[in-house]
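Here are my notes on this model, point by point. Please read them with the structure open.

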Amino acid sequence: MKNVLDNLSNVGNRVRASVLVYGSDAEIKIKLNEFNRLEDFKAALDKRLKFHGSPQTRIDKALRIANKELFTKENGDRPDVPNYLVLVTDGKQNSGSWITDQNFVSWYASPLWRRNITIFAIGVAQAEYSQLKRIAGPKGKALYRRKLNQLNEAVDTVIPKHCRGTGL
């Protein structure tokens with residue numbers, strides 16, 4: 001995530017970023033309006049985020065919270081600014097419910113598309129590229145790399161051209 005932010009230098013402090021962590025459940029860890037400076041946001045990443053394994057990969061819960069809670073005026077969403085959701089997963093949707101797992105894209109990703117929120121679905125390890133493509137939808141992008149450390153080379157393909165900079 002820091003690597004992505006480092007490539008947004010030409011937009012200065014106009015960028016708002018947020019973090020939502022998911023596994024068996026999903027929770028917003030940093031709200032869009034919590035920090036005004038990228039440096040403060042990046043410092044908070046180290047302090048607030050602890051990743052633990054989870055028996056489930058509930059992408060459906062992450063997408064639902066992104067739609068219902070994250071991209072809201074109360075959390076700092078600005079209606080006149082494009083929204084991007086970068087979803088990173090090391091697995092595939094597995095709620096334990098076949099009906100949820102078969103329909104989670106239409107139930108939870110498509111409402112984000114209808115709100116013009118562009119989804120970049122990024123997968124590593126056990127992620128499934130076909131599922132990533134379905135999550136990203138018609139305007140988004142899907143990206144898969146076998147190992148997490150291979151994502152750095154691919155970050156440039158995720159960042160929209162109008163947002164790219166030359167580093168902070």
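1. Terms for the cavity. On a 1 Å grid over the protein atoms alone, a cavity is a set of points where a 1.4 Å probe fits but cannot get out. Lining residues have an atom within 4 Å of a point. Grid points are joined across faces, edges and corners, and a volume is the space filled by probe spheres set on the points.

2. Basis. This is a predicted model, in which local features need pLDDT of at least 70, side-chain atom pairs count only at pLDDT 80 or more, and totals for chains, interfaces and linings use all residues. Residues are numbered from 1 along each chain as its sequence is written, and side-chain values use heavy atoms, with hydrogens and water left out.

3. Cavity. How many cavities of 30 Å³ or more does the structure hold? It holds one. The largest cavity has about 50 Å³ of space. Ten residues line the largest cavity, and Val 15, Ala 17, Phe 35, Leu 38 and Phe 41 are the closest to its centre. By class, the lining has six nonpolar, two polar and two charged residues. Here Ala, Val, Leu, Ile, Met, Phe, Trp, Tyr, Cys and Pro count as nonpolar; Asp, Glu, Lys and Arg are charged; the others, Gly among them, are polar.

4. Overall layout. The protein chain has six helices and five strands. Both are DSSP runs numbered from the N terminus: helices are H or I with at least four residues, strands are E with at least two. Along the sequence the pattern reads α-β-β-α-α-β-α-β-α-β-α. Of the 168 residues in the protein chain, 44% are buried. Buried means under 20% relative accessible area, exposed over 50%, and partly exposed in between, with a 1.4 Å probe and protein chains only. A contact means heavy atoms within 4.5 Å. Among contacts in the protein chain between residues at least 6 apart in sequence, 63% join residues at least 24 apart.

5. Hairpin. Strand 1 (residues 19–22) and strand 2 (residues 26–30) run antiparallel, joined by four bridges. Two strands pair if DSSP finds at least two bridges between them. Three residues separate strand 1 from strand 2 in this hairpin. Val 19 stands opposite Ile 30 of strand 2.

6. Parallel sheet. Strands of a sheet pair through backbone hydrogen bonds, either parallel or antiparallel. Which sense applies to the open sheet of three strands in the order 3-4-5? The pairing is parallel. Strand 3 (83–89) and strand 5 (141–145) are the edge strands, each pairing on one side only. From one strand to the next, the twist averages 15°. Strand 3 pairs with strand 4 (residues 117–124) over seven bridges.

7. Axes are lines fitted to C-alpha atoms, for helices over the stretch in contact, and angles run from 0 to 180 degrees between N-to-C directions. Helix 3 (residues 59–70) packs on the sheet and touches strand 3 and strand 4. The direction of helix 3 makes about 160° with that of strand 3. Helix 5 (residues 129–136) lies across strand 3, strand 4 and strand 5, at about 155° to strand 5.

8. Helix 4 against helix 5. Helix 4 (residues 98–114) packs with helix 5 at an angle of about 35°, and their axes are 8 Å apart. Helix 4 contributes Gln 102, Phe 104, Val 105, Ala 109 and Trp 113 to the contact, and helix 5 contributes Gln 131, Arg 134, Ile 135 and Ala 136. These residues divide into six nonpolar, two polar and one charged.

9. Leaving out residues up to four places away in sequence, Thr 100 touches Arg 58, Asp 60, Gln 93, Ser 95 and Trp 107. Lys 68 lies in helix 3 and is exposed, at 59% relative accessible area.

10. Backbone check. Most residues other than glycine have a negative phi. Asn 116 has a positive phi of about 60°. Asn 116 sits in the loop between helix 4 and strand 4 and is exposed, at 52%. Ala 125 also has a positive phi, near 55°. Ala 125 is in the loop between strand 4 and helix 5 and is partly exposed, at 33% relative accessibility.

Terms used:
1 Å grid on protein atoms, 1.4 Å probe; cavity = no way out; pocket = protein on both sides within 12 Å on 5 of 7 lines; lining within 4 Å.
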